[in-house]
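Me: I would like to learn how to read the features of a model like this one. Please give the general idea each time, then the case at hand.

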Amino acid sequence: MPLPTSVKLFEMAPRDGLQNEPGGIVPTATKIALIERLAKAGITHIEAASFVSPKWVPQMVDAVEVMAGIKRQPGVVYSALTPNLKGLENALTVGVEEVAVFGAASEAFSQKNINCSIAESLARFEPVLERARDAGIRVRGYVSCVLGCPYEGEIAPAKVAEVAKALYEMGCYEVSLGDTIGVGTPLAAKRMIEATRQHVPIEFLAAHFHDTYGMALANLYAVMEEGVSVIDAATAGLGGCPYAKGASGNVATEDVLYLLEGLGIETGIDLQAVIDTGFWITHELGRKPSSKVALAKASAIENKN
Ligand code: HMG
Ligand code: MG
């Protein structure tokens, strides 16, 4: 199959990127400034916050303030995680236009992450989707651990397909497939997509790959060959999952954009503006971006001067 001619990039830095950030709550104003900079760079889909229990994920405690504080740009979708009705009701108070529910292909991870079994999670999502439909907002679905689980090890592609199918049939407009701990390799990624696309049309599948083992770009190329054209990524490679110890952030947005530009695939996003944003936010957090492209471009500029 030919590679897609355009890709929708879903930016994760404000949510997946920051949710596990150690060293105190990142100020609300910094979170808002990050989201606004990303939108200015031309990113049209931004996961901006997470309406989860602050006891479970303290870093997302200010989801209401963040969502209410953003100066919204026309044409940009600001999404948020809502694991249950309580989360959705909170999100509705600040006028979200899109939310996401998140399940897993691993029983053990489901228990650790959202405190229930896979079947219980799907039952819990039903009323969330119903309420969202009534409110006229779209719901994205996630499946975690699609290429491996920190507790169970290997995960069968058929299990990923089963959970993705359930989310799609429930009404999720898109299902994002998470390599939560970044252990996948290209052939496994292809096999997982091949199993899943039999139940969910390929145009409604997204790749959400963490880069723990440095395989994310190779895996993205492999699944684009299968027809995937929605990619989740986090500026500066920020992040990790609080319930997957040692997992690093999503593949860096800068690295994905550089790959896509090289392949002649349209995104409409300004790479340099994203690089600048990555340096700005990591400076705020007291470190450097983990994007190789950002670091290489910065050192090329330094060498010129
Ligand atoms: P629970 O403890 O089973 O829920 O948590 P509960 O209904 O028994 O409620 C317990 C307490 O939490 C109550 O408060 C509720 O009010 C409160 P208390 O009476 O004790 O004071 N509560 C909430 N508060 C705020 N917002 C809510 C909410 N719901 C209940 N929405 C729950 C179940 C799902 C809430 C909990 O397990 C949780 O918040 N988990 C979040 C885990 C999380 O955010 N993980 C990271 C995101 S997923 C991810 O990163 C993976 C992804 O990136 C894809 C990939 O990479 O694979 C998406
Ligand atoms: Mg993730």
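Reply: Start with burial: buried means under 20% relative accessible area, exposed over 50%, and partly exposed in between, with a 1.4 Å probe and protein chains only. By that rule C116 is buried, because its relative accessible area is 2%. This is a predicted model, where local features need pLDDT of at least 70 and side-chain atom pairs count only at pLDDT 80 or more, while totals for chains, interfaces and linings use all residues. Residues are numbered from 1 along each chain as its sequence is written, chains are lettered from A and ligands numbered from 1 in the order in which they are written, and side-chain values use heavy atoms, with hydrogens and water left out.

Me: How many disulfides does the structure hold?
Reply: A disulfide is a covalent bond between the sulfur atoms of two cysteines. The criterion is a pair of cysteine sulfur atoms within 2.5 Å. The structure holds zero disulfides. For C116, the nearest cysteine sulfur belongs to C145 and is 14 Å away. C145 is in no disulfide either, as the nearest cysteine sulfur, that of C149, is at 4.3 Å.

Me: Is C145 buried or exposed?
Reply: C145 is buried, with a relative accessible area of 0%. C145 sits in the loop between β5 and α7 (157-170). The phi angle of C145 is near 60 degrees, a positive value in a residue other than glycine. A236 also has a positive phi, near 70 degrees, and is not glycine. The loop between β8 and α10 (253-263) contains A236, which counts as buried because its relative accessibility is 3%.

Me: Which residues coordinate the magnesium ion (ligand 2)?
Reply: Donors are N, O and S atoms within 2.8 Å of the metal (3.2 Å for Na, K and Ca); water is not among the atoms, so sites may look incomplete. Here the magnesium ion (ligand 2) is coordinated by D16 (OD), H208 (NE2) and H210 (NE2), at 2.1 to 2.3 Å. Along the chain these donors of the magnesium ion follow the spacing D-x191-H-x1-H. D16 lies in helix α1 (residues 13-17) and H210 in the loop between β7 (205-209) and α9 (216-225), so the pair ties together parts that are 194 residues apart in sequence. Both D16 and H210 are buried.

Me: How many residues of strand β6 (residues 174-179) are buried?
Reply: Six of the six are buried, so β6 is largely enclosed by the rest of the structure. Both of its faces are covered: E174, S176 and G178 are buried on one side, and V175, L177 and D179 on the other. V175 can be followed to L205, 30 residues apart along the chain, with 5.0 Å between their C-alpha atoms. L205 lies in strand β7 and counts as buried at 0% relative accessibility. From L205, the C-alpha atom of I193 is 8.6 Å away, at twelve residues apart along the chain. I193 belongs to helix α8 (residues 186-196) and is buried at 2% relative accessibility.

Me: What should helix α12 (residues 292-304) span?
Reply: The expected span of a helix is 1.5 Å times one less than its number of residues. The 13 residues of α12 should therefore span 18 Å, and its end C-alpha atoms are 18 Å apart, which agrees.

Me: What reaches the backbone nitrogen of V293 at the start of α12?
Reply: A side-chain oxygen of S291 comes to within 3.3 Å of that nitrogen.

Conventions. Helix = DSSP H or I, 4+ residues; strand = E, 2+ residues; numbered from the N terminus. Polar contact = N/O pair within 3.5 Å; in protein donor to acceptor, adjacent residues only side chain to side chain.
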